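This report goes through a two-chain structure, from its overall make-up down to single contacts. The sequence and coordinates come first, and the description follows.

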Amino acid sequence: MSKVFKYCIFMTIVLGCCTGLFAQKFGLEFNMPQGIMYQNKWGFFHDGVELSVNYRIPTEHVDCVVGINMRTIDWGSQISVSTGLSYNVADKTDLQFELHNGLALFHGKPLYAYSIGSACRFQVYHKVRFHMGLSVGARFTHCPAYKHYGSINRVFEIPIGLFMKF
Amino acid sequence: MKKNLFIIVFMLALLYAAFSCSYLPTEENLGDTIAYTETPNYIFLDPGNGSNTCFMFMPGGLVDPHAYLTLMERIAEDSICVLIPKFTSNLAITGLSKYKHLIEQFPEIDTWYVGGHSLGGIAALSAVNNDPDMFRGLILLGTYPSESFANPDWSGQVLSIYAENDLLSTSDEIESAQMYLPTARFMTNIDHIDTLNTHTPSTIYYLISGGNHAQFGDYGTQDGDGLPEITLLQQHEQTHHAIMAFIRWVENE
């Protein structure tokens with residue numbers, strides 16, 4: 001638990017620094033990751049739910065995005081910090097590449113887990129201070145040390161989600 | 001506004017981290033000899049003899065399902081298939097109807113027993129309440145029904161195994177909930193189960209002296225549980241023996 005707590009403190013500092021130094025957009029995202037492959041086998045499965053909160057730091061050509069993600073996955077629950085780059089590829093459409101580093105939450109022994117993936121975000125509702133849209137992507141998640149406990153420790157998913165930007 | 005939202009999210013993250021940690025199986029006890037099939041939805045132990053009897057076992061709340069493999073392997077070795085469903089966040093209550101979908105995937109199985117440990121037992125009770133004709137027996141490990149899961153008129157047989165030093169589901173709590181299950185019969189020696197009439201729905205209560213809550217699985221110690229006075233191996237042996245005696249008794253109906 002102490003490791004998880006320290007990790008949360010670390011994420012707070014990272015995000016706190018971001019909010020203090022830059023003017024950026026705040027976002028909230030709800031995802032339903034649909035699994036399509038586990039280990040090296042194809043198979044469709046519902047792989048939990050995910051709640052993400054992120055900050056967008058705009059630059060001239062690309063937005064940098066950092067966030068906290070809480071989700072359920074095959075091996076239980078997971079919390080991670082994400083970093084990514086978001087490109088505006090068309091009107092109201094962004095393409096985002098992201099890397100998640102986090103912990104699978106287990107009593108006394110949280111296990112390191114990471115994800116790499118991309119997502120396409122389509123803005124469907126737009127107001128001056130509020131945007132809302134849908135996202136779809138592809139993501140690979142791996143919890144290396146879980147191989148000592150179960151036979152599934154990596155999944156490939158299609159996260160389908162709803163996002164809001166403030 | 002953003003700052004407040006950030007604080008709320010951070011608190012949410014802390015709460016999530018604090019309340020969603022699962023218990024991992026004891027790594028060194030997970031031997032390579034356990035042969036099982038695992039998918040994102042279940043773990044299946046097949047004795048490999050074409051058995052058409054299966055025990056669906058719901059894991060306890062926030063316990064990794066692999067923590068029950070050492071106990072369930074013993075049952076599979078006695079020619080009973082074992083199916084352990086996997087649930088979102090390792091909480092059986094997040095998938096109370098999942099059993100139906102899983103049963104459909106195993107059409108070759110014609111006799112189903114359902115059971116569970118702790119919160120998983122509640123999911124098993126829910127399954128029996130929803131589909132009373134689907135299961136031939138119910139096996140509860142360290143758990144008991146509340147009034148909302150009561151089914152005293154169920155026509156199947158029930159085995160309730162509980163442990164003396166279990167402080168999460170105490171002996172008093174389990175025995176005082178007997179009105180929610182078929183007629184109670186307390187047994188000190190499970191080998192005498194054959195003397196009972198199988199035509200009358202019963203709940204067989206079997207107490208494991210010196211056992212505790214966590215040793216029904218294999219995931220170390222659990223917060224709030226009592227200290228065991230017997231080893232994990234001894235508790236598993238007694239639990240396995242009671243389950244097999246119960247299944248053989250029901251099968252001889």
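## Conventions and confidence

Helices (H or I, at least four residues) and strands (E, at least two) are DSSP runs, numbered from the N terminus. With these terms, chain A reads α-β-β-β-β-β-β-β-β-β along its sequence, that is, one helix and nine strands, while chain B has six helices and nine strands.

This is a predicted model, in which local features need pLDDT of at least 70, side-chain atom pairs count only at pLDDT 80 or more, and totals for chains, interfaces and linings use all residues. Residues are numbered from 1 along each chain as its sequence is written, and chains are lettered from A and ligands numbered from 1 in the order in which they are written. The mean pLDDT (the predictor's confidence in each residue, from 0 to 100) of chain B is 92, and 92% of its residues reach 70 or more. For the complex, the predictor gives an ipTM of 0.88 and a pTM of 0.90.

## Dimensions and burial

The radius of gyration of chain B, taken over C-alpha atoms, is 18 Å, which agrees with the value near 18 Å for a compact globule of 253 residues; the globule rule is 2.2 Å times the number of residues to the power 0.38. Along the principal axes, the C-alpha atoms of chain B fill a box of roughly 70 × 40 × 35 Å.

A residue is called buried if 20 or more other C-beta atoms lie within 10 Å of its own, exposed if 12 or fewer, and partly exposed in between, with C-beta atoms placed from the backbone. Buried residues make up 45% of the 253 residues in chain B and 40% of the 166 residues in chain A. Two residues are in contact if their C-beta atoms, placed from the backbone, lie within 7 Å. Among contacts between residues at least 6 apart in sequence, those joining residues at least 24 apart account for 50% in chain A, and the corresponding share in chain B is 68%.

## Strand pairing in chain A

Two strands pair if DSSP finds at least two bridges between them. In chain A, β6 (residues 93–104) and β7 (residues 111–127) run antiparallel and are joined by 12 bridges, with Q96(A) and A119(A) as bridge partners. These two strands form a hairpin with six residues between them, and G108(A) in the turn has a positive phi of about 70 degrees.

A hairpin of two residues then leads from β7(A) to β8(A), and 13 bridges join this antiparallel pair, S115(A) being the bridge partner of T141(A). Strand β8 (residues 130–142) is in turn antiparallel to β9(A), with 10 bridges, and M132(A) stands opposite M164(A). Strand β9 (residues 154–165) also pairs with β1 (residues 25–38) in the antiparallel sense, through 11 bridges, among whose partners are N31(A) and G161(A).

## The sheet of chain B

The nine strands of an open sheet in chain B lie in the order β1-β2-β4-β3-β5-β6-β7-β9-β8, with mixed pairing. Its edges are β1 (37–38) and β8 (183–187), each with a single partner strand, so one side of each is left without a neighbour in the sheet. Within the sheet, β7(B) and β9 (residues 202–208) pair in the parallel sense over six bridges, and Y162(B) stands opposite L207(B).

V158(B) lies in β7 (residues 157–163) and is buried, with 25 other C-beta atoms within 10 Å. Leaving out residues up to four places away in sequence, V158(B) touches L138(B), L140(B), L181(B), P182(B), T203(B) and I204(B). The C-alpha atoms of V158(B) and E251(B), 93 residues apart along the chain, are separated by 13 Å.

## Helices and the nonpolar core

In helix α2 (residues 69–77) of chain B, the buried residues are L69(B), T70(B), L71(B), M72(B), I75(B) and A76(B). They pack against β2 (42–45), β3 (53–58), β4 (81–85) and α6 (232–251) of chain B. After α2(B) comes S79(B), whose phi is positive, near 70 degrees. Setting aside neighbours within four places in sequence, V82(B) is in contact with L45(B), F55(B), F57(B), M72(B), I75(B) and A76(B).

A nonpolar core is a set of buried Ala, Val, Leu, Ile, Met, Phe, Trp, Tyr and Cys residues joined through C-beta atoms within 7 Å. The largest one has 82 residues, and those with the most contacts inside it are A104(A), M72(B), V82(B), V114(B), A124(B), L159(B) and F246(B). Helix α4 (residues 119–130) of chain B gives the largest share of this core, seven residues.
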